[in-house]
Amino acid sequence: MTQNFSIKVRDLSKRFGKTCALNSISANIDSGQITALLGPNGSGKTTFLRIISGMLDGYTGSISISGYSSSDYPSLMKRIAGYVPDVPALYDSLTPMEMFRFIGSIRGIEEREFRERVGNLCSSLGIGPYLEKFIGELSFGTRQKISIISALIHDPGILIMDESLNGLDPKSIDVVKEILHGMVKDGRTVILATHSLELAEELCGNMLVLREGRLAGQARIYERHGNYDETAMLREKYIGMTTG
Amino acid sequence: MKERFALALELFMEQRYYSYRSQKEGEGISESDVKAIRKKFRSSLLSNYFMYAFFFLVLSLILFIDNYAKIRTEFYLILIPLYLYILAFSAYTTVSFLEYARKANSVRMLGILPVRRPGLLLFLSWFVYSGSLGIFLVVPASFFFVSMGGSVLEVPVQLMNAVTSIVLGYSLGSLISSTRLPSGSVRGRAMRNLSRNMAIAFMFLIFYTGISFLPSADIPSSLFYGDSALLYVPFINFPYSFSFNTYNLLQLWQFLQYSLYIVLSFLVLDWSARRGFRRIMDGGFRNIGQSREDTSAVQGKVGRGYLVPSLIKDSKLIIRESLPSLLIFTPMFLIFPYDVSLFSIKFSGEFIIPFMVVFSAMVSVISAACYSMAFLSAESGGIQYLRILFPDQNRVMRSKMFSSSMIFSIVYIPMALSSLLLSGISPIIWPGIIVSSVSIFCITFLSSFSKLLNRVRNVLRIRGIPSLGTPSVIALDLIPGSAFSLIITIMSVYISLLLSNDASLAVWIWSIISVSAMSAIFLKYGILKSKIEAIGPGPHLKEESPDI
């Protein structure tokens, strides 16, 4: 039976001191879809993603996953979600393998399952040559791949990606796209924050647009075959939402 | 020169800005606040500087008064420990300064700007805001010495020695900080890094305390102070008595040695500052390990639960970073000089046990404060994994306390046993002292760590200890736990002295109070909760109660 990993957000607000980062956002994020999170710089995308991934507290409003409220089940999101930040923040003085093992241990993943999953991910993203090097010595793109693998180790039901395809080589981007398609085919939920409308148009079924901490709009992206005119339509829709 | 000085000031300000942004107070500051922020930095830097200056002045005066009787004949005996203290302080602040500069990329602009000797510019930046504080340790003692009839010419000589100690402290810190993880297999790298750091420190100490080992009947030599070029200074009677006309070859030799020592110190500074700067620019890691084209490296066991995997991870992080790897040896640095003094001067009498109780508590409290900073700063970019992987903060606290108390016990217990053995205290009460010390460590660590963790609760990356706040801000976080631990220790000693003449009673009362207080703190932070499983593997929702 396919499980439901839909997310409902109601009146979500967050302040950092005097600055209001998110202002009363309400949105539905469907299961089995890739949802694009769009918006200009400083619109609150990262704050929104960090809150729903369970990394950031001190907000008002409610979040529920498959009908389970995050205030009643505070660790639920941490258990079922994987989060990839925009800039890979990792343990610089561990090797990727040591880091994967640590995450695997904390998540209680079985040995056989761990080897199979990490092996496949490392192989498809080309991480093999770097498994025994310190993360601090690796390039940005390689660190981003490690960050992506770290978020996928436990086979998450919800994947949250914050502009995480930046810095990846074209082959790896294709691999990640394949992984995302595989996830939504299984009925899982993917949220992808991006500035690339082409990527949103190509991958996503829905889009949420934030502007100055508010939800500027939520819409479906109907066509997804990537020709120029459709992207241009999406661009117009986006500009309309963010400048109106 | 003026421009270089302005740039040096700007570098430190830039670093303060980065650390401010990574704290709770710095969240959400807007560009329009820049003026206010700069003003705030300036005042925070100044208040911090004056706080340390005041503390050092008081320390200098205390040492002076304490040694009042010796002051006329053995002025240098007061100054030598102060120089060693300046060296240690300078080395520590340098490692902290350079590590932060590397992690925060706060001095990257020096690689682009056409600046000559950028390493020395970094030194200047550090010296203005941190290094120059060491002078305050020497100034009051020197002036009091003069006011009591000493030669006024001692003052500039001692100031020169203080500056030399600062310079050597920076060089030492710079060398420790620029020690990179060596190439080779992953196994054993940590130990090599650690032993390399210790070897550098040791070699430096030899250089510092004794550039010359020429025996001289005029120069007092002892186990504590060594036989150093610095010790020659009072005997040279510089510059009055020393005269080429007297053809005093010994004095001429000593003067030349001292001059050589000063020149060498500044040459070492130039070399180590360049090395430290290069390390910052190249990011600090060296290619290591064999490349593998396959994924056969997916080996090793996946642990169970979170305590042991966290201990393994924490140990690796701590031991592979320069500053945390120094901080975990705090108990050793504190106990070793005491052991040396016990070795040469046999303490006796009824106060040795109460003294050991208070001394052990002090070691635990200071170590816990240092460990809490080391364990949090070592998290660096991985801080977000503490939030993602652990369901709540209590579990983060539990894992950190487990890791820190294990490492503390490994470092502390052998040193404590050596002190107890040398002090001649009955072995029956040794377990009481050790258990209580570890309890005091846990109490202070939990209190300090939770407060520091709260300071960085929303940041994505911790860039070294400065990310946790200025020293005065960090001190504010560390004071409550430390004060509580010391109060219960002093209370135990006081109660035991009221109840009985048997000093060993103090240990047992201390044990009972400290273990009870630790249990209370464990309850407060949920350390004793029976549910200690990991966050759980699967993404799949159960029909009922999906929470773990």
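In chain B of this predicted model, helix H11(B) meets helix H16(B) through Leu307(B), Ser310(B), Leu311(B), Asp314(B) and Ser315(B) on the H11(B) side and Ser399(B), Phe402(B), Ser403(B), Met406(B) and Ile407(B) on the H16(B) side. Sorted by class, the residues of this contact are five nonpolar, four polar and one charged.

The axes of H11(B), residues 307-320, and H16(B), residues 393-423, come within 9 Å and cross at roughly 60 degrees. H11(B) is therefore oblique to H16(B). The crossing of H11(B) past H16(B) is right-handed.

H14(B) contributes Ile353(B), Pro354(B) and Val357(B) to the contact, and H19(B) contributes Ser504(B), Ala506(B), Val507(B) and Trp510(B). This contact of H14(B) with H19(B) holds six nonpolar residues, one polar residue and no charged residue.

The geometry of the two pairs is set out below.

| Helix pair | Axis distance | Angle |
|---|---|---|
| H11(B) and H16(B) | within 9 Å | roughly 60 degrees |

As for the chain as a whole, chain B has 19 helices and zero strands. Of its 548 residues, 42% are buried. Among contacts in chain B between residues at least 6 apart in sequence, 82% join residues at least 24 apart.

How values were computed
Residues are numbered from 1 along each chain as its sequence is written. Chains are lettered from A and ligands numbered from 1 in the order in which they are written. This is a predicted model: local features need pLDDT of at least 70, side-chain atom pairs count only at pLDDT 80 or more; totals for chains, interfaces and linings use all residues. Axes are lines fitted to C-alpha atoms, for helices over the stretch in contact, and angles run from 0 to 180 degrees between N-to-C directions. Helices (H or I, at least four residues) and strands (E, at least two) are DSSP runs, numbered from the N terminus. Angles under 35 degrees count as roughly parallel, over 145 as roughly antiparallel, 65 to 115 as roughly perpendicular and the rest as oblique. A crossing is left-handed if the near helix is turned anticlockwise from the far one by less than a right angle, and right-handed if clockwise. Two residues are in contact if their C-beta atoms, placed from the backbone, lie within 7 Å. Ala, Val, Leu, Ile, Met, Phe, Trp, Tyr, Cys and Pro count as nonpolar, Asp, Glu, Lys and Arg as charged, and the others, Gly among them, as polar. A residue is buried if 20 or more other C-beta atoms lie within 10 Å of its own, exposed if 12 or fewer, and partly exposed in between; C-beta atoms are placed from the backbone.
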